[in-house]
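Here is a short briefing to read with the model open beside you.

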Amino acid sequence: MYDADLYIWRNLMEDGTQCLGDEQYLKAEKYYIQGLLKAYELTVPEIVAFTLRLLATVRVRLGNLEFAEEGFKEALRICQEIQNAKGMAEAWAGLASISVKKRMLPKAVEEYEHAIAVYPKSSPQLRLGMLYADMGQVYTALEKWTSAKNSYAKAVELCRLHGFPKGEAELDVLSGELCFRLGQKTEALGNLKHACQLFAQLQDMVALSTTLQYLALLYFDQNEMRLALESQQRAVSLCLKFDTKEVFSESCYFLSKIEQNLEDYQEARYYLELSVHFYPEQTIDLAIRYQNLGSLLFLSMDFTKSEIYYLKALNLFELYHDDQRKSEVYEALALLKGLREQKEGPLNTQDMPEDRSKLHREFTLEALIHLAEFYEKRHNDRDALECYWKALKRGRDAEVTTDWIEYRVQQVSKRLRKKK
């Protein structure tokens, strides 16, 4: 009878653990509840405590923190009674994970310390390394950088001693970030380079790409632009194959920044255009890219395209009410207009590029009015009139009051007639 019940319990736990691994948490909870009922029938304390911990673990995933905490505490009580050190350590670690979820971080540190203190030397030491790593992350969240670094160092040592290179590499990255925060930049470089070597050996190209970008950022901070360029170029080539469009866009954007620092504006423009092309959303970050691209095109004396990208940036800055950046773009447009007229003479509205005309059709009513006022203040009445006319049509289509827009159209039209 005992063997049959044990067989049923084991199957329930295996099924639950499979569901837990597949992130089917509700199904896992059902299996573990049935397993707990069977564990109580078996009346073996170790089996009951083990089942309670797994049930509590899945309840943490489900956000049922109170039930989870009760489960871990009961498992801890049982393991303390029977002096099961490994079980006590796992129960303390479970309670620490709940404290992290509740943002009770000092308490989480205490619970991880309890888990580490009772963890037996005869049990798998890689699990002990994970406990040190988890505690290091809590210290990081508390901004206790030195304590975090010490925890990561112990975790790295255990990973190295017991042959877990992936864990060692991931911890090298975390340690590198911490060393950077602490101003220990030489040590940070060493950690990140070692992580890159390990990820390359493991052929984990996604992790290698991310780590190369950290390395490039560190070189960039130290004004080692050639080394930053080399690292970031490798990262971009990798993330093109393995990462999302958004990650690729961010990688190209940073590579463009490096190229700009090296004054290779043609390459910088190329990567910035790629970044814009692959950026997935109409957000403030895209507006900043447009603004940066407008500046690069300005430097290459391509005033027409420069204006188009400045206007694209302005439209989004208007949408997000970013007054400071709007002012920057207005200043750039004023300077751009003056230089273009020196080079090309006044631009006739009828000769306006199709891209710019199309862009105006995408502007909000508010953005068109602000742009018209900007042109008017700069005595650019022809462009001001065009924007007012477009705003007037947009306002009429939206059935809003347009009297004052009509008045501005009349006033600007009068000035243009006088100039003739």
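**The chain at a glance**

Of the 420 residues of the protein chain, 48% count as buried in this predicted model. The chain holds 21 helices and zero strands.

**Overall build**

- Take the contacts between residues at least 6 apart in sequence: 55% of these join residues at least 24 apart.
- The accessible surface of the protein chain comes to about 22100 Å², and carbon and sulfur atoms account for 51% of that surface.

**The largest pocket**

- The largest pocket holds about 520 Å³ of space.
- The lining of this pocket is made up of 23 residues, and those closest to its centre are Thr57, Phe72, Glu90, Gly94 and Arg127.
- H5 gives the most to the lining, with seven residues.
- By residue type, the lining divides into eleven nonpolar, five polar and seven charged residues.
- If you wonder how such spaces are found, rolling a probe the size of a water molecule over the atoms shows where empty space is left.

**Helix H7**

- The buried residues of H7 are Gln125, Leu128, Gly129, Leu131, Tyr132, Ala133, Met135, Gly136, Val138 and Tyr139.
- When you look along a helix, remember that an α-helix has 3.6 residues a turn, so residues three or four places apart point the same way.
- The cover over the buried residues of H7 includes H5, helix H6 (105–118), helix H8 (145–161) and helix H9 (165–181).
- After H7 comes Glu143, which has a positive phi, near 60 degrees.

**A closer look at Thr211**

- You will find Thr211 in helix H11, which covers residues 205–221.
- Is Thr211 buried or exposed? Thr211 has a relative accessible area of 2%, and because buried means under 20%, this residue counts as buried.
- Which residues are in contact with Thr211, leaving aside its neighbours within four places in sequence? They are Val173, Leu192, Ala195, Cys196 and Phe199.

Key. Residues numbered from 1 in each chain as written. Predicted model: local features only at pLDDT ≥ 70, side-chain atom pairs only at ≥ 80, totals over all residues. Heavy atoms only, no water. 1 Å grid on protein atoms, 1.4 Å probe; cavity = no way out; pocket = protein on both sides within 12 Å on 5 of 7 lines; lining within 4 Å. Points joined across faces, edges and corners; volume = space filled by probe spheres on them. Helix = DSSP H or I, 4+ residues; strand = E, 2+ residues; numbered from the N terminus. Nonpolar A, V, L, I, M, F, W, Y, C, P; charged D, E, K, R; others polar. Buried < 20%, exposed > 50% of the residue type's maximum accessible area, 1.4 Å probe, protein only. Contact = heavy atoms within 4.5 Å. Areas by Shrake-Rupley, 256 points an atom, 1.4 Å probe, with all protein chains shown as cover.
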